[in-house]
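Student: I'd like a close look at one part of this model, please. Let's begin with how its chain folds back on itself.

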Amino acid sequence: MRWTVGVFSVLLALAGTQVQAQDFPTKPIRILVPFAPGGFVDTAARIVGQKLHERWGQQVIVENRPGGNGFIAVSAAAKSPADGYTLLMAHTGEFVVNPAVFKDVPYDFDRDFVPITQINDAPIVWVVNSNTPHQTMQDLMNAAKASPGKLGVSSPGNGSINHLVMEWTTLETGAKFLHVPYKGGAPAMAATAGGEVPAGIAALSSAMPHMQSGRVRAVAMSTATRTPVFPAVPTLAEIGVRNVQSSIWVGLFAPKAVPQPILDKLYGEVATILAMPDVKARFAAGGGVTGGMKPAEFAAKIRREYADAKKVVAAANVKAE
Amino acid sequence: MDILSNLALGFGVAISLKNLLYCFFGVFLGTLIGVLPGIGPVATVAMLLPLTFNLDPATAMIMLAGIYYGAQYGGSTTAILVNIPGESSSVVTTLDGYQMARQGRAGPALGIAAIASFVAGTFATLVVALFSPPLAEIALKFQPADYFSLMVFGLVGAVVLARGSLRKAIAMVVLGLLLGLVGTDVNSGAIRFTFGIPALAEGISFVALAMGMFGIAEVIYNLEQRGKSREVFTSRLGSVLPSRDDLKLCLWSIARGTGLGAVLGILPGGGALLSSFAAYTIEKKIAKAPRNFGDGDIRGVAAPEAANNAGAQTSFIPMLTLGVPSNPTMALMIGALTIQGIQPGPQVLSQRPELFWGIVASMWIGNLFLLALNLPLVGLWVRLLAVPYRLLFPAILVFCCIGVFTINNNVFDLFQLVAFAGLGYVLLKLGCEPAPLILGLVLGPMMEEYLRRALLISLGDPMVLVTSPLSLAFLLAAAGLLISIAVPLIRAKREEAMKE
């Protein structure tokens with residue numbers, strides 16, 4: 001009896017899947033966000049959510065589940081039904097940094113999730129206060145080498161991707177800095193702009209207003225190529241710091257077992273949205289380059305960055321707990 | 001006259017019919033959610049965010065800003081009527097406001113809160129209009145050591161908040177500091193005292209603690225009285241508006257509160273938060289009959305209300321000119337601008353003058369709306385107290401639960417609410433007041449963060465705390481305040497000993 005029920009429900013589920021793939025979505029979709037409203041991950045979810053709503057006519061609800069370094073939202077998404085109606089908007093922190101710095105992480109990227117696509121990708125920039133004598137990244141590193149561990153660098157937090165990029169730069173070049181963590185990117189950049197800390201390592205979106213006002217000078221970018229938003233700023237690779245390559249991305253994810261046809265539909269739709277000029281313009285205002293990367297490519301990128309982060313964490317002995 | 005042409009530009013934007021409507025909608029909604037215990041501006045702004053996608057950036061910001069300062073107005077209503085502070089800034093308003101309500105003077109308390117808020121809002125908006133760029137520079141010059149010493153001053157002031165025993169007040173501050181240690185340490189990233197619960201990684205929920213210890217504990221206490229103390233409340237409503245004497249008494253309190261709030265609001269690292277506490281402390285210290293404070297002194301409502309509203313307006317300075325939010329609502333407004341493709345920062349003023357000046361002008365209009373909205377409403381709110389308690393208290397409980405839940409969409413926060421309601425009730429029975437505890441909880445983590453950052457940057461040299469003139473001034477002021485608290489006590493002790 002139990003056996004027949006089992007088979008029946010499997011059949012029903014399969015039938016349901018086929019119907020779902022064609023008609024998807026037939027009810028509101030929710031996107032979990034591991035941050036309070038207002039941040040860049042939340043903003044990305046709202047921009048994409050709004051467009052999905054316009055195209056599909058279904059409500060897209062952005063549900064903020066902040067706290068616990070993202071553990072709360074990501075584990076909730078991992079445990080949600082894999083039907084495509086619960087998605088997760090997450091960033092570098094949840095899938096690259098957390099598993100590298102925390103001993104116990106209640107989720108696993110490969111076990112629990114499939115990526116849909118990268119939404120947005122923004123460089124991390126090394127900046128200095130404009131009143132400091134450092135004109136280039138080389139100057140900054142020389143100054144750090146002259147007095148190891150004394151040149152202050154602000155970051156949005158201990159165990160943030162920015163912090164890891166700083167440690168990575170140290171590992172590659174031997175220039176040792178004084179890490180000064182803040183609670184988030186905005187106060188960290190304000191500290192460098194005001195001269196409280198001479199240098200900083202920030203997401204381009206946080207640094208941009210202060211770069212434009214002339215309070216801080218960007219000396220290097222963490223990405224492989226120069227960013228179209230600030231083409232004058234060299235990459236770390238160009239100035240000889242070859243291996244350090246990182247960025248802050250935002251991506252859309254689904255629980256692992258979501259049927260492939262639904263994933264395909266989601267990817268197609270989101271990729272179309274990301275190609276829209278107004279969407280591109282919104283992300284560019286924050287210094288980001290709009291994504292649209294294929295799921296497999298994105299997954300490979302995440303695994304590669306995680307491996308890098310793990311190496312840096314081990315070598316620099318970064319600890320979150 | 002640059003400023004005049006700028007203001008003309010601003011009013012040109014703000015006075016368009018559409019923007020007037022959205023401004024009114026914002027402040028009206030803000031007042032409403034401010035009055036509902038527990039439902040805060042953060043949840044409201046988050047819910048309305050999608051609405052702003054299709055609005056002009058200036059219109060969107062005018063509405064969101066209206067919700068923010070409207071909620072400051074409305075929040076004092078709940079603090080006065082049912083002893084529930086929706087935000088840390090209205091904690092102080094509960095002290096004398098709720099006592100006034102118990103004495104049948106809810107009307108004057110609400111009236112003076114509205115008037116003080118209006119005066120403060122109007123003045124602070126002028127400050128924003130005249131001095132934004134230079135003030136942003138000052139905010140940037142404020143170093144970690146200065147912040148730390150400001151917090152020390154605030155914490156010493158917390159003791160003055162207490163109505164009764166000084167010893168108990170100190171104990172409460174310390175308990176608050178200890179509770180404030182829960183969560184992630186900013187410097188090392190270590191997670192402390194969370195017992196493996198992810199929801200505690202960012203610390204104890206302030207709203208859950210404030211609702212629990214003030215609101216729900218008070219509900220339990222009232223139910224225990226079986227209507228005895230509630231009768232006092234409902235039978236005598238008293239006059240609805242503050243008398244001429246009240247106004248005269250409060251004039252300077254409002255002025256001092258406004259000045260203090262306007263100055264502290266500029267500091268994004270916790271200034272606006274401190275302003276109402278600091279204003280209350282100062283009033284109590286310089287008052288001729290400080291004994292009335294805590295027992296329904298109208299100045300104890302006027303000064304902090306003025307301070308928190310002035311602070312709410314001037315905290316737009318760091319937000320708009322530096323992109324640094326001083327609270328979660330501000331962070332959301334930054335998010336709203338980002339969605340519009342505007343990165344808040346110093347360039348907003350030069351590249352988008354219509355946005356900046358439009359918001360500034362709308363604040364004046366908004367404050368006027370709020371006064372017009374709130375003064376006539378005072379009578380209505382007061383009548384709310386006449387609602388039978390058996391109907392009122394379940395409503396309070398439901399709203400508190402909804403409010404606490406909507407902040408993080410997390411059930412664990414409700415458990416925190418229950419736990420702090422229990423603790424609050426026990427403390428109420430012991431005659432320990434929750435206000436100093438709350439200040440300890442809020443200031444403790446910031447104090448630690450700033451002290452450690454100051455020492456980190458100075459490479460471990462503690463002299464940085466006294467070499468900065470600002471920091472030294474705050475520390476001296478804190479020492480002075482401490483002495484002025486301690487001396488009468490010591491004298492009293494000695495006199496007691498002499499008698500024997």
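Among contacts in chain A between residues at least 6 apart in sequence, what percentage join residues at least 24 apart?

Tutor: Good place to start! The model is predicted: local features need pLDDT of at least 70, side-chain atom pairs count only at pLDDT 80 or more, and totals for chains, interfaces and linings use all residues. Residues are numbered from 1 along each chain as its sequence is written, and chains are lettered from A in the order in which they are written.

Now to your question. In chain A, 76% of the contacts between residues at least 6 apart in sequence join residues at least 24 apart. Two residues are in contact if their C-beta atoms, placed from the backbone, lie within 7 Å. Chain A has 321 residues, and 57% of them are buried (20 or more other C-beta atoms within 10 Å of their own). Along the principal axes, the C-alpha atoms of chain A fill a box of roughly 75 × 40 × 30 Å.

What builds this chain? You can trace 12 helices and 10 strands in chain A (DSSP runs, H or I of at least four residues for helices and E of at least two for strands, numbered from the N terminus). Look at strand S5 of chain A, residues 152–155, and strand S6 of chain A, residues 178–181: these pair in the parallel sense over four bridges (a pair needs at least two DSSP bridges). Within this pairing, A:Ser155 stands opposite A:Pro181 in S6(A).

Next, step back to the domains, whose bounds come from an automatic or database domain assignment. Domain 1 of chain A covers 26–122 + 248–316, while domain 2 covers 123–221. Their C-alpha centres lie 27 Å apart. Where they touch, domain 1 of chain A gives 16 residues and domain 2 of chain A gives 14. On the domain 1 side, helix H4 (92–101) and helix H12 (295–316) of chain A each supply at least two residues. That side of domain 1 holds 11 nonpolar residues, five polar and no charged. Here Ala, Val, Leu, Ile, Met, Phe, Trp, Tyr, Cys and Pro count as nonpolar, Asp, Glu, Lys and Arg as charged, and the others, Gly among them, as polar.

Chain A also has a partner to meet. In the contact between the chains, 45 residues of chain A meet 43 residues of chain B. From chain B, helix H3 (41–52), helix H6 (106–141), helix H15 (328–339) and helix H20 (434–457) each supply at least two residues of the touching side. H15(B) brings the largest share of that side, seven residues. By class, the side of chain B that touches chain A has 26 nonpolar, 14 polar and three charged residues.

Let's finish with the partner itself. Chain B contains 22 helices and two strands, and 59% of its 500 residues count as buried. In chain B, 81% of the contacts between residues at least 6 apart in sequence join residues at least 24 apart. For one example, find B:Gly215 in helix H9 (residues 206–224) of chain B. B:Gly215 is buried, with 30 other C-beta atoms within 10 Å. Leaving aside neighbours within four places in sequence, the contacts of B:Gly215 include B:Pro37, B:Val82 and B:Cys400. B:Thr78 sits 137 residues from B:Gly215 along the chain, yet their C-alpha atoms are separated by 9.5 Å.

Key
Buried ≥ 20, exposed ≤ 12 C-beta atoms within 10 Å, placed from the backbone.
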